[in-house]
Amino acid sequence: LLFDGYKLEVFDSTVDIRTLNYVQQVEARAGRDIMATHFDLEAVVGSLRVDPRAICDSVMDQAIMPGVGNVIKCEGLFLSAVHPQARTQSIGEE
């Protein structure tokens, strides 16, 4: 592949070329990243409230709350006394 005079060589692998639309989608959820300087709690809670899945799946969804991994998921649910298989929509305000 040639890009503006630069050559890209790929050996025994695949290449995923991201579009500008993808970059905009990632930037749009930056405030929901748990490590964001200005974490948008309301946006995350709003997305979780309408998610019908189990909370363990909802919090791992990077479109809802980017930055959460297994350790944060497990520790957060344990400290909150929330069963991982509880439906996200059934969890109260507290």
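Q: What makes a stretch of this predicted model count as a helix or a strand?
A: A helix is a DSSP run of H or I with at least four residues, and a strand is a run of E with at least two. On that basis the chain has four helices and two strands. Read from the N terminus, their order is β-β-α-α-α-α.

Q: How do you know where Gly69 sits relative to the helices?
A: Helix H3 covers 55-58 and helix H4 covers 70-79, and Gly69 lies in the loop between them. Its C-alpha atom is 8.6 Å from that of Val59, a residue ten positions away along the chain.

Q: Why is Gly69 called partly exposed?
A: Its relative accessible area is 26%. Buried would need a value under 20% and exposed a value over 50%, and what falls in between is partly exposed. Gly69, at 26%, is therefore partly exposed.

Q: Is Cys56 buried or exposed, and what makes it so?
A: The cut-off for buried is under 20% relative accessible area. Cys56 has 10%, so it counts as buried.

Q: What makes Cys74 partly exposed?
A: Cys74 has a relative accessibility of 44%.

Q: How do you know how the chain compares with a compact globule?
A: A compact globule of 94 residues would have a radius of gyration near 12 Å, whereas this chain has 18 Å. Along the principal axes, its C-alpha atoms fill a box of roughly 55 × 30 × 25 Å.

Q: What share of the chain counts as buried?
A: With the cut-off at under 20% relative accessible area, 17% of the 94 residues are buried. The accessible surface of the chain is about 7300 Å², and carbon and sulfur atoms provide 57% of it.

Q: What share of the contacts with a separation of 6 or more joins residues 24 or more positions apart?
A: Such pairs make up 53% of those contacts in the chain.

Q: How far apart are the mean positions of the positive and negative charges?
A: The chain has 8 positive and 14 negative charges, and their mean positions are 4 Å apart.

Terms used: Residues numbered from 1 in each chain as written. Predicted model: local features only at pLDDT ≥ 70, side-chain atom pairs only at ≥ 80, totals over all residues. Heavy atoms only, no water. Rg over C-alpha atoms; globule rule 2.2 N^0.38 Å. Buried < 20%, exposed > 50% of the residue type's maximum accessible area, 1.4 Å probe, protein only. Contact = heavy atoms within 4.5 Å. Areas by Shrake-Rupley, 256 points an atom, 1.4 Å probe, with all protein chains shown as cover. Lys, Arg positive; Asp, Glu negative; His and termini not counted. Charge placed at Lys NZ, Arg CZ, Asp CG, Glu CD.
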